[in-house]
Amino acid sequence: MRNIVAGNWKSNKLLNEAQEFTDPFLSALNELTGETEVVIAPPAPYLATLAKEGAYRFSWAAQQCSAHGFGAFTGEFTAEMLRSTGVQSVLIGHSERREHFGETDEVVRAKVEQALAARLRVFLCCGETLEQRESGRPEDIVCAQLEHATTGLTDAEGLVVAYEPIWAIGTGRTATADQAQSMHAAIRGWWAERFGPDAAANLPILYGGSCKPSNAAELFSQPDVNGGLIGGASLKVDDFLDLVRIADGLQNG
Ligand code: PEP
């Protein structure tokens, strides 16, 4: 399976800054020869402009989409609209959406359905709080989130899982490679029961949470870690390229 390195810019950068990143980044990416798939999720207002720019093994994602289809939903943008701009994927269920914008498991589920119906690939985000980790069974919390988000789906086509322990997002505190591996193995095990062993073997599971060039090699080299969802370190061309190079090196090695 190819590694994936995906950047989540969150609410950062003005349009001109996004373009100033994109040009050198995509040129440099075109010079690399690796196989890692590279994705960036910029702020939604820039997608239609940025999605005109592309590179080998690169695509654009949105950071979320509406839980609804077309209609009287002022301010919302649908998965179909995203698709029509050239976007290929969408992050759903990011912990910041769950915490600050009231995204319940039901809303996450509805968004997954909208996105898949629009043929967008879904980066399904899951993760536990520090309190939940310390309570002893973080795997149960994370697998319950996956269970809600995939309710009613008959297959796992178009899904990528991003495991992002909430206590590690933007805090500088990263999960250890062992903690990441053990959660990723639990997710793959749950996926095998839910969707079958082939779907589980082919499921990309990304790690997210203060991942940066200095810790990525150890995390990405774990057997069940298939790359990363990167916040802060995706904002700088050099750091993000370094992460791609690290994933490329592990893939080829
Ligand atoms: C994220 O929010 O998806 C994330 C992983 O952020 P950071 O890398 O900044 O912790």
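**The ligand and its surroundings**

Trainee: How far does a backbone N or O atom of Gly170 lie from an oxygen atom of the ligand?

Mentor: This is a predicted model in which local features need pLDDT of at least 70 and side-chain atom pairs count only at pLDDT 80 or more, whereas totals for chains, interfaces and linings use all residues. Residues are numbered from 1 along each chain as its sequence is written, and side-chain values use heavy atoms, with hydrogens and water left out. A polar contact is a pair of N or O atoms within 3.5 Å; within protein, one must be able to donate a hydrogen and the other to accept it, and residues adjacent in sequence count only if both atoms are side-chain atoms. Between the backbone N or O atom of Gly170 and the oxygen atom of the ligand, the distance is 2.6 Å.

Trainee: What share of the area that the ligand exposes when taken alone does the protein bury?

Mentor: Accessible areas come from the Shrake-Rupley method with a 1.4 Å probe, and for residues only the protein chains shown count as cover. Taken alone, the ligand exposes 300 Å², and the share of this that the protein buries is 95%.

Trainee: Which residues come nearest to the ligand?

Mentor: A residue is near a molecule or strand if one of its heavy atoms lies within 4 Å of it. An N or O atom in the side chain of Lys10 is 2.6 Å from an oxygen atom of the ligand, and a polar side-chain atom of His94 lies 2.7 Å from an oxygen atom of the ligand. There are 14 residues around the ligand, and those that come nearest are Lys10, His94, Glu164, Gly170 and Ser210.

Trainee: How many residues of the shell around the ligand are charged?

Mentor: Ala, Val, Leu, Ile, Met, Phe, Trp, Tyr, Cys and Pro count as nonpolar, Asp, Glu, Lys and Arg as charged, and the others, Gly among them, as polar. The shell has 4 nonpolar and 8 polar residues, and its number of charged residues is 2.

Trainee: How far from Glu164 is the nearest side chain of opposite charge?

Mentor: Glu164 is found in the loop between β6 (159–163) and α8 (177–195), where helices (H or I, at least four residues) and strands (E, at least two) are DSSP runs numbered from the N terminus. Its side chain makes a polar contact with the side chain of His94 at 3.3 Å. Glu164 is buried (under 20% relative accessible area, with exposed meaning over 50% and partly exposed in between, for a 1.4 Å probe and protein chains only).

**Charged pairs**

Trainee: Which residue does Arg98 meet in a salt bridge?

Mentor: Side chains of opposite charge can pair when their charged atoms come close. Arg98 is buried, because its relative accessible area is 18%. Its partner counts as partly exposed, at 22% relative accessibility, and across an N to O distance of 3.1 Å this partner is Asp105.

Trainee: How far apart are the closest N and O atoms of Asp242 and Arg245?

Mentor: Both residues lie in helix α11 (residues 237–252), 3 residues apart, which is about one turn of the helix. Asp242 is partly exposed at 31%, as is Arg245 at 40%. They form a salt bridge in which the closest N and O atoms are separated by 2.8 Å.

Trainee: How many salt bridges does the structure hold?

Mentor: Among them is that of Arg137 with Asp140, at 3.2 Å. Arg97, Glu103 and Lys111 are linked in a network of salt bridges. For the structure, the count is 11.

**Backbone details**

Trainee: Is Arg119 buried or exposed?

Mentor: Arg119 lies in the loop between α5 (105–117) and β5 (121–126), and its phi is near 60°, a positive value in a residue other than glycine. Because its relative accessible area is 58%, Arg119 is exposed.

Terms used:
Lys, Arg positive; Asp, Glu negative; His and termini not counted. Salt bridge = Lys/Arg side-chain N within 4 Å of Asp/Glu carboxyl O.
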